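Work through the exercises below with the structure open. Each task is followed by a solution in steps.

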Amino acid sequence: MSNTWVDNLADEQRDQVAEVFATLPENDSLRRYAGDDVDFGIWLLVVDGACRRRLTVGIFDLPDRLWRDWYDDDMTPVQALRTLLEEGVDA
């Protein structure tokens, strides 16, 4: 299996993001969606944060997307947000 975007983070950076993902109550929906895949959850957290900064809504406030497919296709969070914007969003 190839390295994912999360695999390419510095250990300290990954650990910090993983801590935020694992502990903050507002990330419950991301944790449920990611299931046991913490790396996918970290990726979702970063995409969700970028989406909130850009659109003021989270990824689950938008129509369904194939988040897991995008992650498995090795999209970076930036590429995922760009794809989301290119597809057009209806919040």
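The coordinates come from a predicted model.

**Exercise 1. Threonine 83**

Task: Find which residues threonine 83 is in contact with, leaving aside its neighbours within four places in sequence, and decide whether threonine 83 counts as buried or exposed.

Solution. 
- Step 1: With the sequence neighbours within four places left out, Trp70 and Met75 are in contact with threonine 83.
- Step 2: Threonine 83 itself is placed in helix 5.
- Step 3: The relative accessibility of threonine 83 is 19%, and buried means under 20%. Threonine 83 therefore counts as buried.

**Exercise 2. Serine 29**

Task: Locate serine 29 among the helices, classify its accessibility, and state how far its C-alpha atom is from that of arginine 82.

Solution. 
- Step 1: Serine 29 belongs to helix 2.
- Step 2: Its relative accessibility is 31%.
- Step 3: Serine 29 and arginine 82 are 53 residues apart along the chain, and 22 Å separates their C-alpha atoms.

**Exercise 3. The fold as a whole**

Task: Describe the secondary structure of the protein and test its radius of gyration against that of a compact globule.

Solution. 
- Step 1: Five helices and zero strands make up the secondary structure. Read from the N terminus, the order is α-α-α-α-α.
- Step 2: The C-alpha trace spans about 35 × 30 × 20 Å along its principal axes.
- Step 3: A compact globule of 91 residues would have a radius of gyration near 12 Å; the value for the protein is 13 Å, so the two agree.
- Step 4: Of contacts between residues at least 6 apart in sequence, 55% join residues at least 24 apart.

**Exercise 4. The nonpolar core**

Task: Name the residues that touch the most other members of the largest nonpolar core, and say which helix gives the largest share of this core.

Solution. 
- Step 1: The largest nonpolar core has 25 residues, and those touching the most other members are Phe40, Trp43, Leu44, Ile59 and Trp67.
- Step 2: At least two core residues come from each of helix 1 (11–23), helix 2 (28–34), helix 3 (38–55), helix 4 (67–72) and helix 5 (77–87).
- Step 3: Helix 3 gives the largest share, eight residues.
- Step 4: Take phenylalanine 40 as a case. Not counting residues up to four places away in sequence, phenylalanine 40 touches Tyr33, Ala34, Trp67, Arg68 and Tyr71.
- Step 5: For background, nonpolar side chains tend to be buried together in soluble globular proteins. In this protein, 38% of the 91 residues count as buried.

**Exercise 5. Surface and charge**

Task: State how much accessible surface the protein has and how many positive and negative side chains.

Solution. 
- Step 1: The accessible surface is about 5,600 Å², and carbon and sulfur atoms account for 47% of that surface.
- Step 2: There are 9 positive and 20 negative side chains, with the centres of the two sets 5 Å apart.

How values were computed: Residues numbered from 1 in each chain as written. Predicted model: local features only at pLDDT ≥ 70, side-chain atom pairs only at ≥ 80, totals over all residues. Heavy atoms only, no water. Core = buried A, V, L, I, M, F, W, Y, C linked by side-chain atoms within 4.5 Å. Buried < 20%, exposed > 50% of the residue type's maximum accessible area, 1.4 Å probe, protein only. Helix = DSSP H or I, 4+ residues; strand = E, 2+ residues; numbered from the N terminus. Contact = heavy atoms within 4.5 Å. Rg over C-alpha atoms; globule rule 2.2 N^0.38 Å. Areas by Shrake-Rupley, 256 points an atom, 1.4 Å probe, with all protein chains shown as cover. Lys, Arg positive; Asp, Glu negative; His and termini not counted. Charge placed at Lys NZ, Arg CZ, Asp CG, Glu CD.
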